[in-house]
Every structure is written in structure tokens, then in C-alpha cells.
Amino acid sequence: LFALVLDVLTRSIQGEVPWCMLFTDNIVLIDETRGGVNEKLEVWRQTLESKGFRLSRSKTEYIKCKFSDLRQEDDVVVRLDSQDVCKRDSFKYLGSMIQGNGEIDEDISNRIGAGWMKWRLASGVLCDKKVPLKLKGKFYKVAVRPAMLYGAKCWPVKNSHI
């Protein structure tokens, strides 16, 4: 419901996908320059605040993705209102780790950790000698494996990852 309300309230400022993506209370703004990100961020801030919402200054962060050799402006700082926005090398979005250098190492490590977490939570069933092996296999396939492989279909996997 919140996503639908946010979608309706912000329809006029939503850009074309993939330049602006919404998911419940998460907003991703994409631009080729930091100045462009600043402009989009200011439009979002003003529009949301005029509707009674606010952008969290402490949770707002940005990542510079350098996928080509194009030179970008280094003197422009990303700001929300008058406060500098924290720059990250990577961050988690919708369960996946996004890295500015385009690599997937952190996402793979994160997924392995998620798989082990599910394994630990399910160890009572998976390690119980009274539970039939076939049931353990089914439980693993529906609980542990999906947690570990979430997002893997879009990974550009290298030999080192395998």
C-alpha cells in the first residue's frame, strides 16, 4: 500500500527506468554526473517534503560507478539540502550488494553468508537423525539454496567465483 501511495504521489518526478527506481521506501537515482544526481535529489526532496514525507539525511548515500574510462567531475559533492551525502564503495539494495567498480565479489560473499545463516537456522531439522534424508533434501532446496542463490541469475560469474 505504501509503495502504491508513494508511486501516485511521485508520478510527476519519476524518471524513465532505469534512471529512477522505486521499491517501497527505497529510491535509486541514477545520472551520469554528480551534478545531475544533485538536481534529481533536490527535486525528490522538495516534492516529498511538500507531501509530508522526508528523505533521511542519515540513510541517504551515493556510490560512484565507474564502468568506463569517461572522465567525471571530481570537484562536485553530492548534497541533500545543505548536508554532504556519504560516499560508499558499495551498498546493499534489495538484498544484493552493489559495488561501484562493477564487480560482484561482495554480493557473492553476502549470498554465501545468507546461505550459512539459513543453514544455521535450519540445523535443527537438517542435523536431526530422526528427520528422513529426503525431507532434509527438500527442506534444503526450499530454505537454504534460495537464500544463497538470490540474484545469481544476473551475476557475470568469473572462474574465480565458481
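User: Is Val-125 buried, partly exposed or exposed?

Analyst: Val-125 counts as partly exposed because its relative accessibility is 31%. Buried means under 20% relative accessible area, exposed over 50%, and partly exposed in between, with a 1.4 Å probe and protein chains only. This is a predicted model, where local features need pLDDT of at least 70 and side-chain atom pairs count only at pLDDT 80 or more, while totals for chains, interfaces and linings use all residues. Residues are numbered from 1 along each chain as its sequence is written, and side-chain values use heavy atoms, with hydrogens and water left out.

User: Where does Val-125 sit, and what is it in contact with?

Analyst: Val-125 is in helix 3. Helices (H or I, at least four residues) and strands (E, at least two) are DSSP runs, numbered from the N terminus. Leaving aside neighbours within four places in sequence, Val-125 is in contact with Val-131, Lys-136 and Phe-139; contact means heavy atoms within 4.5 Å.

User: Asp-107 next. Which helix, and what is the nearest side chain of opposite charge?

Analyst: Asp-107 is in helix 3, residues 105-126. Asp-107 is buried yet has no salt bridge, and the nearest side chain of opposite charge is Arg-111, 5.1 Å away. Lys and Arg count as positive and Asp and Glu as negative; His and the chain ends are not counted. A salt bridge needs a side-chain nitrogen of Lys or Arg within 4 Å of a carboxyl oxygen of Asp or Glu.

User: What does Asp-107 touch?

Analyst: Not counting residues up to four places away in sequence, Asp-107 touches Gly-95, Ser-96, Met-97, Gln-99 and Trp-155.

User: How many salt bridges are in the whole structure?

Analyst: The search finds 6 salt bridges. One of them joins Arg-45 and Glu-49, with the closest N and O atoms 2.7 Å apart. Both residues lie in helix 2 (residues 34-50), 4 residues apart, about one turn of the helix. Arg-45 is buried because its relative accessible area is 10%, whereas Glu-49, at 32%, is partly exposed. A network of salt bridges links Glu-42, Arg-45, Glu-49 and Arg-57.

User: Which residue does Glu-103 pair with?

Analyst: Glu-103 forms a salt bridge with Lys-158, closest N and O atoms 2.6 Å apart. The pair links distant parts of the chain, 55 residues apart: Glu-103 is in the loop between strand 8 (96-99) and helix 3, and Lys-158 is in the segment after helix 4 (133-149).

User: How many disulfides?

Analyst: The whole structure has 0 disulfides, a disulfide being a pair of cysteine sulfur atoms within 2.5 Å. Cys-127 counts as exposed because its relative accessibility is 51%.
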